[in-house]
Amino acid sequence: MRLTVEADRGHVHAEEPENSRLLRVCDRGLAPSRYWTLLRTQEVTPTPPTGRARLSPRGGSGDGAAGRQLLLLLLLLLLVGGLSFSTRLYNISEPPQVCWDETHFGKMGSYYINRTFFYDVHPPLGKMLIGLAGYMSGYDGTFPFIKPGDKYEHHNYAGMRAFCAVLGSFLPIFAYLTVLELSQSHTAALITAALLIFDTGSITISQYILLDPILLFFIMAAVLSMVKFNQQRHRPFTASWWLWLSVTSGGFLETSTSHWSTLQSTSWLVFSGLILLPLLLYVTIFAIHFVVLNKSGPGDGVFSAAFQSRLIGNNLHNVSMPEYLAYGSTITVKNLCFSGGYLHSHWDLYPEGVAAKQQQQVTAYLHKDDNNLWLVHRQDHNESQSGTPDLVRHCYIIQLAHKETTRNLHSHLYEAPLTKKHFQVTGYGINATGDTNDLWQVEVCGGRKGDLVKVLRSKVRFRHRAAVAFFSPLARLFPSGKSNNHYSDLKGGWEQQEVTCSPYLKETPSSQWNIEDHINPKLPNISLSVLKPNFLEMFLESHVLMIRGSSSLKPKDNEMTSQPWHWPINYQGIRFSGVIATQYRVYLLGNPVIWWMNLACLGMYLVMVVVASVALQRGFTLDQRRMEHSHVLKRGGGLLLLGWIIHYAPFFTMDRILFYHHYFPAMLFSSMLTGVTLDVLLQNTDLLLRLPYSHWLKRGGQMLFLFTVLYSFYLFHPLSYGMTGPLAHEPGSAMAGLKWMDSWEF
């Protein structure tokens with residue numbers, strides 16, 4: 001550093017070397033790679049110590065250069081946006097029938113319009129937006145969405161599809177802006193946009209009433225916001241800093257790892273912007289969800305009785321019943337585990353080959369039914385015939401008699417039909433006759449001697465007096481229907497669950513029950529309105545059920561599922577609509593040329609990073625342009641590689657059911673990484689050839705890329721926009737010769 005004197009100002013200052021000036025310019029928010037590029041082209045004038053980096057193009061003012069850059073950006077965004085919207089909105093109303101998972105998410109949109117409560121394992125925002133789009137576009141919520149293939153007829157479904165397509169159309173735009181920020185290269189951004197615009201899988205996933213385009217929209221918006229916020233990290237508390245702080249949560253990690261001192265000095269603000277604001281929005285969405293859905297609907301039986309009591313039309317809404325359990329009462333008993341059913345029995349007996357084959361079946365049934373009703377008796381059946389009945393307390397002995405068949409709830413030391421290590425539970429005796437194996441001790445969880453059993457609020461267990469075991473439902477299911485010829489170990493589904501008596505005395509939700517309905521004309525009633533849960537209780541209960549529901553999505557026996565390693569290689573798609581030649585067929589499959597290019601560029605990226613890192617480690621001298629490319633690969637490309645890993649690798653650890661469309665978030669990051677990798681590769685053709693041949697090679701590579709993407713889209717676009725006529729393996733098919741893998745089903 002050299003000291004110089006300004007005679008006209010009469011003071012001394014240090015003349016900065018170029019590297020110090022670079023650091024100061026970066027602190028003003030200009031990326032280092034961008035600064036060196038502009039400096040080399042004389043679009044930035046090295047500044048005095050007290051000044052800013054100034055845009056000063058050759059032959060013009062800084063404002064003029066900035067204006068031209070802005071105009072170029074706007075023109076390219078118009079090009080990208082025009083192509084993206086046109087490919088997504090084209091033929092949006094075809095086919096005019098329910099396609100794939102529209103049967104679920106279209107139905108849920110209808111529930112919001114009709115204000116009907118339902119249960120789902122996903123948070124509500126996406127389905128709320130679908131319902132809002134349908135309502136705003138004139139859909140009345142009356143279409144039943146029963147199964148794929150049902151005709152929409154006169155119902156206005158196009159608005160919901162168009163809404164999803166519009167959100168899907170923003171994906172190439174967001175990707176373009178993200179890559180432009182990370183690489184400072186319009187070429188890399190255009191390569192990325194082309195990959196997403198002309199990918200048949202991205203088009204198909206955006207054109208239907210699904211959660212996927214909504215999810216992908218918010219993922220890309222968050223990524224872009226994170227990158228934008230990172231650009232503002234040296235300008236804290238400015239308007240743009242607050243803007244990007246408010247719309248991103250992913251930027252928190254980037255800020256903490258890039259500038260620890262900034263994180264320390266503004267930690268409470270970062271916490272407010274990145275944690276409290278998203279959390280407040282998340283909670284607000286659930287509040288709206290509970291307010292809008294105030295009518296009883298499918299799946300509300302999964303929730304607690306107190307939760308159901310707030311739903312209009314539910315049998316527990318605004319009803320009155322006795323507060324405490326008593327002898328002589330008629331009750332229903334509901335299990336507290338996820339998807340726990342009601343204790344249930346019917347006239348059918350256990351079949352041949354099962355212990356106690358002539359005794360009555362006892363199951364857990366997931367729906368309300370008269371066969372769920374049970375009578376509470378003393379062990380000697382000596383209930384008071386007049387006056388107030390005796391109340392049941394913690395550790396009291398009872399008998400439960402099935403109201404419809406009069407059989408007693410019974411267990412013995414015979415093994416259960418399906419769960420061999422547990423004891424069988426049956427219906428035994430008739431009209432109050434039975435034996436000591438019909439006796440059960442009521443235990444209030446966490447209770448003490450003398451505690452009363454509260455309806456809806458007490459968690460109770462039933463201990464068998466002879467076997468010293470608790471009865472509970474299991475995930476094992478009896479076959480559907482009434483053919484008692486055999487039992488098979490079926491998992492999942494909505495058939496009736498096996499109820500057994502478990503000798504393992506652990507206090508788990510499967511052994512805990514709740515008294516739901518309670519009828520006893522000799523006891524005073526209380527209104528269930530006093531038991532309605534508050535918002536926090538509903539919020540927590542819904543999340544517990546969502547987590548349990550998601551973890552229970554296991555593949556059923558012989559069910560076709562997808563494996564994570566299938567996805568990057570485009571091994572198998574999904575039929576959205578139609579199967580045979582006479583049907584309108586849509587098949588979800590990524591453009592194989594693009595997907596395989598992404599996979600190849602992933603490997604190429606790793607090689608390029610290793611080569612650049614080794615070169616620097618070995619002390620090779622790289623010119624400034626190579627240093628910029630190395631910076632883009634490691635910083636920008638590294639962030640995109642991390643995004644791909646985060647959105648892909650966890651699926652290898654999941655034992656839930658998986659599908660091909662789960663890869664699309666990772667595919668977005670893979671495409672952005674391809675844009676950065678190909679651009680840096682083509683920018684370094686001068687390592688192979690000297691000018692002008694290297695320039696020709698670069699332009700030739702870019703044109704070859706564009707031709708390959710466009711021609712592959714031309715070949716495979718019927719997958720997205722619909723196929724009719726012969727199948728791919730039949731003569732005369734529009735897709736003849738394009739079934740490159742036997743696993744493709746179009």
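**A helix and its aromatic surroundings**

In helix α5, the buried residues are Gly126, Lys127, Met128, Ile130, Gly131, Ala133 and Gly134; buried means under 20% relative accessible area, with a 1.4 Å probe and protein chains only. The model is predicted, so local features need pLDDT of at least 70 and side-chain atom pairs count only at pLDDT 80 or more, while totals for chains, interfaces and linings use all residues. Residues are numbered from 1 along each chain as its sequence is written, and side-chain values use heavy atoms, with hydrogens and water left out.

Helix α5 covers residues 125-136, helices being DSSP runs of H or I with at least four residues, numbered from the N terminus. Its 12 residues reach 16 Å from the first C-alpha to the last, close to the 16 Å expected, which is 1.5 Å times one less than the number of residues. Glycine 138, with a positive phi near 95°, follows α5.

Across the whole structure, a search finds 49 aromatic pairs; rings of Phe, Tyr and Trp (its six-membered ring) pair if their centres lie within 6.5 Å, and planes over 60 degrees apart count as edge-to-face. Tyrosine 119 and phenylalanine 303 are edge-to-face, because their ring centres are 6.0 Å apart and their planes stand at 75°. Tyrosine 119 lies in the loop between α4 and α5, and phenylalanine 303 in the loop between α13 and α14, so the pair ties together parts 184 residues apart in sequence. Both tyrosine 119 and phenylalanine 303 are buried. Ring pairs link these two residues into a cluster whose members include Phe117, Tyr282 and Phe307.

Key:
Helix = DSSP H or I, 4+ residues; strand = E, 2+ residues; numbered from the N terminus. Buried < 20%, exposed > 50% of the residue type's maximum accessible area, 1.4 Å probe, protein only. Phe/Tyr/Trp six-rings, centres within 6.5 Å; stacked < 30°, edge-to-face > 60°.
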